[in-house]
Amino acid sequence: MKDLTGTDIVQEPVMRRDFLKVLGVGGVAATAVGCYSDQVEKLIPYVSSPDNTVPGVSTYYASTCRECPVGCGIIVETRDGRAIKIEGNPDHPVNRGALCGRGQSALQGLYNPDRYQAPMKRQGNALVATTWEDAISTLAGKLAEAKKAGGGSAVFINQHEQGSFPGFLDGWLAGFGMPAHLSVDAEAPLSAIAANRQSFSTAWPKHDFSAAKLVVSFGADFLDAWGLPVPQQVDFAEARGKIDGAPRVIYVGPRRSLTGLNADTWIPARSGALQAVAEAVGAAVTGKGNAALTSAAEQAGVPVESLESLVAELKSVKPSLLLAGGSDANATATAAAVNELNKALGNIGLTIKPSEGSLAFDGLASHAALRDATERMAAGSVSVAFVRGADPAHAMPGGTKFGEAFAKVPFKVSFSSYPDATTQLCDLVLPDHHSLESWGDAETVRGTLSLQQPTMDPVFNTRATADVLIAVAKADAQLAGKYPTDYRAFIAGRVGGNAGLTKALPTGLTKGSSLASPAAKTISAKAGPTGDGEYFLHVYTSPVVGDGRGANKPWLQELPDPVTKIAWQTVVEIHPDTARKLGVAEGEHVTVTTTTGTLSAPAYLYIGIRPDTVAVATGRGHTAYGRYANGCGSNAMSLLGVAEDARSGQFVLSGVRASLAKAAGKSRMVTTEGSARQHDRGIAQAVTLEQLKHGEGVVHAHVFTGQAKTEFLPGLRAPVANDAQGDLGDPKSGEKGQYDPNHWSGAAKRRWAMVVDLARCTGCSACVTACYAENNIPTVGAPWQGPQFWPDRTGFGANVTRNREMAWIRLERYFEIDREPKDVEFNPDFDTRVIPMMCQHCGNAPCEPVCPVYATYHSPDGLNVQVYNRCVGTRYCSNGCPYKVRYFNWFGFGETDRAQYAFPEPLNWQLNPDVTVRGKGVMEKCTFCVQRIREAEHRARAEDRELEPDEFTVACAQACPSRAIVFGDAADEQWAVSKLIDDSRAYHVFEELNTYTAVVYLRKINHPSSLTTAKA
Amino acid sequence: MATLAEPGLDHNDGPKRPNIARAGLQLPAVKDYAQVDREIIATLRPTKAWFTLLMASITCLGIGAASWIYQIYSGLGVAGYSPPVMWGVYIITFVFWIGIGHAGTLISAILYLFRAGFRTTIYRCAEAMTVFAVMTAGLFPIIHIGRPWKFFWLIPYPNWRLLWPNFKSPLVWDVFAISTYLTISVTFLFIGLLPDIATLRDAEKNPIKKQMLSLLSFGWRNSENEWRHFARAYLFLAAFSTPLVLSVHSVVSFDFSMALVPGWHTTIFAPYFVAGAIFSGMGMVYTIIIPIRKFFKLEHYVTLNVMDAGAKLTLFTSMVVGCAYIVEFFIAWYGGVKVEQEYFYNRVFGQWWYAAWIMLTCNMILPLSLFSQKLRRNPTWLFILSLFINIGMWFERFVIIVPGLSHEFEPWQWSGYRPTWVDFGILLGSFGWFFMWFLLFIKQLPVIAIAEVKEIVPPRTRKSAAHVHAGGH
C-alpha cells in the first residue's frame, strides 16, 4: 500500500523493542547485502530513509494545530518517522511558542487505538471494513444520483477549520449542485463574534492585555476555552508579568472559572443578568446616571455597592479592556453593550485593535444553522448528509434530538477518524487522516499563511478527506478536469507551486493571500423556554476536554480541570450553602432536572459559584467515542433544550432554570486535591504591589550564598549542598572529587535550577500535558488499570481516587479561606493561589540518604537523580520528601503484557525514545528533563563549544503559555534563571526544612483596590 | 529408676511474693525430676486439636501466600496504598512482629542476667516466639518493596559493579539489625535447648528420631565439662543478646525518625519503640502461654505467681508507652511546630480518631487494670487483655505510620488509606506462618525448659533424677 507521496505505509503494529532489534539487524543487513528482508520492510517506519535523517536524532516539522480554530503554529518532533511530541512554534505570530494541553494531546488523537483503521460501510446494523476503491465508488455513485436529483437537499457538516479547505469544500459541493457546508463549532463564542461584527465589523479584534490597566470580563473565560485561549493567555501573562503597571482583573459572572480565579475581584452576577449589569454600568460610566445600577444589581443578585465601585474604577483607571462572553439568552446584547462601553471609554485602538484581529472564526456557521439543518433532517427533507470532524450527536443540546433526526437521512457519510455518536449512525465512513498526517493551511493572522503538513506516514489505512473529494470528483466527467492531482498540489498552488511550498515548509509560515471568507447564512434563532426550577443551570465548556472532542485522549481525561481539579468524572458544582440546604455532602449524587432532561452526578462543593447556580462542564458522557471516553461521566448537553440567543444563534448554555434534588448514590471524587487550602504553610505566597514597593512581606531569608565554581556552601548557587552524597575527593592525594567544581571533568560546574513566577502562572496546566508527553508518563485512570481480582473500586479514575496519578508536575490550587470549603458560607471575596509543584531538586534532599540502594542520588550538576534500574521500590524516598513529588508504579503501567498497560498500540508510538518507560515497582519523578540537558551538553561537546545561555529548556517551560517557568544554570550568571533568583519576590517552598531547593518561586502579586465586593 | 511420688497440686499456689526464686516455693507442685520429664515430654504427643490448629494456620498461610503471589504478579497497586501513604499494612505488620520478637529475648536474656526467677518456665516459649516472630517480620520488608525479586540489593555482597548499599539508609541498618537479631535468637534458643534435646533423645524409642535428636543434641552427655561450657555459653549469649533487645527496635524506630515526616521525626522514638516492643511481646507471650498452660496442663509450672510477675512487667511497659504517648503530644505542643501540632490533632480528633483511640484504650487504659492483684492472677482476664494489647500495638504502628504520611507538609497531598483484601490476606498469612512454626515447635521440642525447671525443683530427689533422667547412661 502506498500513500499519496508514494511512500509505503506501515500497517502492522510494531513493538518498539522489535523495531530496535530489527533496526540493528536490518542496518547490518543493508550494509552487507544492500537489501532488506521482507520482515524489515514491514517493520521499519522508513523503508528508504530520507536524506539527512539519522536514527535517534529528531526531525522537526512546522505545522498548524487543528485541535481548535485558533490556528496555533506547532513544531512536531518526529523520531525515525514517528511524531513524538508537539511544541509551539516560537516564530508563529499566533501562539509565539506556547501550546495548550489540548494542542499537545493531538498526538493521542493521531495514535488513538480506537481510530478507524480502514473505510467502513454499513451492512445491516453494523459497519464493516471495506476497501477505499469500494468506498469511493459507493460515494461516487450516490453523488451521481444526488447530482441528478439536484443535490440541493444535501447537508455537509464540517468541524470549523479556518484555511482554504472550506472554500475548496464549497467549490466541490457546488460541483454536485449542493449547498455550501456548515462550518460548526460547539465551543465557538458566537455571541461575542456577532457583537464584534456589529461593533467593529470584524469577528475578533485583538485584545491587548498589556496596554490595559484594568481588565473586566463579563463572563468571558479568556483563560479557559473562550476565544483564542493560547494567544490570550500569552498576552495576559505578559501583562500580569509586568508587576508594576499590571492590569487589575475584575470578573463578572455566576461562576468563577479559571479566568474568574485569576481575577482580583469577583462580582458574582447571576446568569442572565449580565446584560442589565453591562448596560447599567455603561450608562453610569458614560454619565447617563446611576439610576439603572440599583435594578441591575437586584437583577444580578449582587450588592449595588459592588457595581458602583466597578463604575468608579472604570471611570478612573484607563485604558481598560472589557470583554464579554457568556452563553445566556442575551449574551450578544451583553457583548454589544460591552463593546459600546469600550468605545465610550476610548479603549478602541488602545486595548482593542479591530484591524489586528484574528480570522479564526471567519466562515463559522451559527448553532442555529445547525439546529435548522437538524430540523430539516427530522422532516425528512435531507437526502444525503456528510459530517466531518464534528460530533453533533454528542455536542448539541439534547433538545435538538440530532441523533434521531440524523438517522432519518437516507444516506449519511462520515469523514471522522474516530468512531463517535454521529459516525456510528452513518452508512459510509471514510476516515480522514489526522491533521498531523495531512496537508492544509490556516490564515488566522491576516497576511500570514500557516501551513499544515504531514509529519509522518499515516498510522492507519485512512485518507485525507480532500483527497477523497478529489478522487470522487475525478469520477465525474464534468468535474474531473477542474481538480489538481491531490490536495497537496492544491495547497502548493496557493503558495507559488512546489518551490514556494518547499521554501515555506521549514518555518510553516508564508505570506498569505487574503482568503475570501464565505459569509455565513443567517438563520433566525429560536428562543426556548427557560423553565421554572429554583436554580440557574450554568453549562460551561470544559477547558480540558472541550465540547467532548478531547475525551478520547487519556492525557486530557487525566488532566485535572484547573478549577475543580476533577478528572475522568462529571460533577455537579454547587455552593456549600446549597449543599447544606439539600443535605448533600461532597460526592453524594444530586439530580439536576430541566424541562429537557435530567442528569445525576456527584456533587462538587465549589466556593466560587453562586448559591443559586448549578454548574456542569461539557465534554463527557460519550457513548461511542472509544475506550477512554465511553461511559465516563455524563453529558451536560442532555440538560439543554432548543434555545438560542436571538442575535447570534448561539446555544443557550447558561441561565436555564433547573431544579436540584438529592439522589441515591455516592461516588468518590476523582480529584487530585487533598486539602483545598494551605493551612498557612506558605506554599504559594503572594504580596501586593504596595508591599513589594515598600519591601514589606518580602523575606530575604533565602540564602543564595556561595560563589559558584569555588565553594561548597549550601544554597542555590553552589553546585551541590555541602553534605551531598558522593565522592568529594581524597584529601590525602589531593585529587578532587567529581563533585568539586574544579574537578577536571567540569561535571559540577553547573547547578540546574528553575524559577516559577506565580504572578504569571494562571493554572492552565499545559505544562502537565507537556510533561506527560516528554517523559512517557502513564495515565492511570482507565477502568482496566486497577486490580484485576476483587477490586474495591472500579470505573474511571479508580486509581486517581487513591491518589495514584503520576503527573510529575501538578498544579496545586489553594483557596485562601479559613476553614474547609464545605463549611464556607458564600463570600465572593476570596483569593486563589495556583502553584506548579514538581521535584524541587533539593541541594540537601531528604529523599537521598534514605534510599538503601542509591537509586536516588545527587548528580554533580545539582540534579536529584532517580535510577529506575536500581530502584527496588521501598518508597522510603517518598516518605522523606516534604513536597510529595515522587510517584510510584503501582502496576505495570509501562509493561506491554499487563492489563494496566497505559500505552495500548499504537499509543506507544508516541513514547519518547530518550526516556525509559518504567516498569512496575519503581519510583519516578521529575528529572528536570535530564534527557534534554544531556542532549544539549552532548551537542555542545560535539560542536566543541560551551553551552550557550538559555540554549534549551525543559518541556514544561517550553509549553507554558504564561512563560511562568524558566529553567537554566543558576551557577552561570549568563542564564536568565540566575538573574531571576535574585528577584525580591523569590522564595523556596518549605525553606525552613533546609532542603536548599533548586526551584525558586516568585511570589504572586495581588492587586487589591477600593473595589471590595460587599458580602452577598 | 527411683520410685517417684505423684505430686499433688497445691491449690494455695504459693506465697504472695512471687519473685523470690526459692526452691520449693517457686514450683511447689513439682516434686521431682521424673515428674518434670514425664509431664513435659507428655506435651509433645500430637493431638487432634493441635492438628486442627496446625491445618488452620497452614490455611491462613496459604491465603497469605496466594495474596502475595497475586501482588507480585500485578504490582503493589492491589494493596491499599494511597500516596502519599506509601507505607501501609506491611510495614505496620513488620514492626508489629519485630516488636513481638522482643519480649522473648528480654525474658530469656535480660531477666536471666537479672536472675528473675519467674522467667524459668516461660522463657522457652517466649524465645521460640521471638525466633518465629522475627522470621515473620523478616518477610515483610520483602513483601513491602516494589520489586521483591531484587531484595538482595539491600545486602552488601561483592559484585563486579562495585555497587554497595547506602549505609546512610536506616533500611540498610534494618537489614543488619534484623539478620543479627535472628542469628543470635536462633543460636540462643538452640543452645538453651541442648540439654532438653538430650532428654528427649533419652526418652525416644523410635531409632530414627533418636538418631536425629542425638545429632541435634551434639551428643550431649551430661558431663560436668559440658555443663560448665553450656553455662558459660548461655551466659555469654544472654549478655550478647541483651543490647540487641535495645538496639534492634531502636534501629527499626530510626526507619521513621530519620524521615522528615511530622510525627516521625522525633528523638523519643528509640526508647518509645523499645518499650512498646516489650509491651507487645508480653501481650503475645500471654496470648500463647495461657492456652498452653491450660491445654497442656502445665498450670503448676506456669503458676499464677509467674503470671503475676509478668503482668507487672506488662503494666510497667504499658506505663512507659503511655508516658511516651503523652510526651509526644507535649512535645508537639511545646515545640511549637505548627505542622506537627496539626498532625497530632488530626491523629486524635481528625481523620484517624478511631485508630488513635483504639491504641490509647488498648495500650494505655486497659492495662491499668493490672494494678489489681486479683486481675493479675486471673488468667482469663490476662488472656483477654493480651488480645487487646496485640490489637492495640498493631494499631499503635498504624497510628504512627499512616496518619503521619497522610497528613504531611503539603496539604494538597493529604490523603486517606483503605487497605484491601490483599493487605488483610497477607496479614492473615503472617499469623498463619507464625503459628504454623510455633505449633510445629511445641510438638517437637519442649515448650518448657526441662533442664532449667529441674534446677529449681526441690532438692530431695535431685540425685536420683539427675542421674537417671538428665541423660546419664
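# Chatting through domains, helices and a sheet

Modeller: In chain A, the centres of domain 2 and domain 4, taken over C-alpha atoms, are 30 Å apart; the domain bounds come from an automatic or database domain assignment. This is a predicted model, where local features need pLDDT of at least 70, side-chain atom pairs count only at pLDDT 80 or more, and totals for chains, interfaces and linings use all residues. Residues are numbered from 1 along each chain as its sequence is written, while chains are lettered from A and ligands numbered from 1 in the order in which they are written.

Colleague: Thanks! How many residues does the contact take from domain 2 and domain 4 of chain A?

Modeller: Domain 2 of chain A gives 20 residues and domain 4 of chain A gives 25 residues. Two residues are in contact if their C-beta atoms, placed from the backbone, lie within 7 Å.

Colleague: And which element gives the most on the side of domain 2 of chain A that touches domain 4 of chain A?

Modeller: That is α14(A), with 4 residues. Helices (H or I, at least four residues) and strands (E, at least two) are DSSP runs, numbered from the N terminus.

Colleague: Switching to chain B: at what angle do helix α3 and helix α14 of chain B pack?

Modeller: About 20 degrees, and the axes of α3 (residues 89–113) and α14 (residues 421–444) of chain B are 10 Å apart. Axes are lines fitted to C-alpha atoms, for helices over the stretch in contact, and angles run from 0 to 180 degrees between N-to-C directions. α3(B) and α14(B) are therefore roughly parallel to each other, a label for angles under 35 degrees.

Colleague: Nice. Which residues make that contact of α3(B) and α14(B)?

Modeller: α3(B) uses B:Val89, B:Tyr90, B:Thr93 and B:Trp97, and α14(B) answers with B:Asp423, B:Ile426, B:Leu427 and B:Ser430.

Colleague: How many residues of chain B are in contact with chain A?

Modeller: 43 residues of chain B, meeting 45 residues of chain A. α5(B) gives the most to the chain B side, with 3 residues.

Colleague: Last topic, the open sheet of 4 strands in chain A: what order does it have?

Modeller: The order is β36-β29-β38-β37 (chain A), with mixed pairing; two strands pair if DSSP finds at least two bridges between them. At the edges sit β36 (965–969) and β37 (986–987) of chain A, each pairing on one side only.

Colleague: In what sense do β29 and β38 of chain A pair?

Modeller: In the parallel sense, over 4 bridges. A:Val755 has A:Val1000 of β38(A) as its bridge partner.

Definitions and conventions. Parallel < 35°, antiparallel > 145°, perpendicular 65-115°, else oblique.
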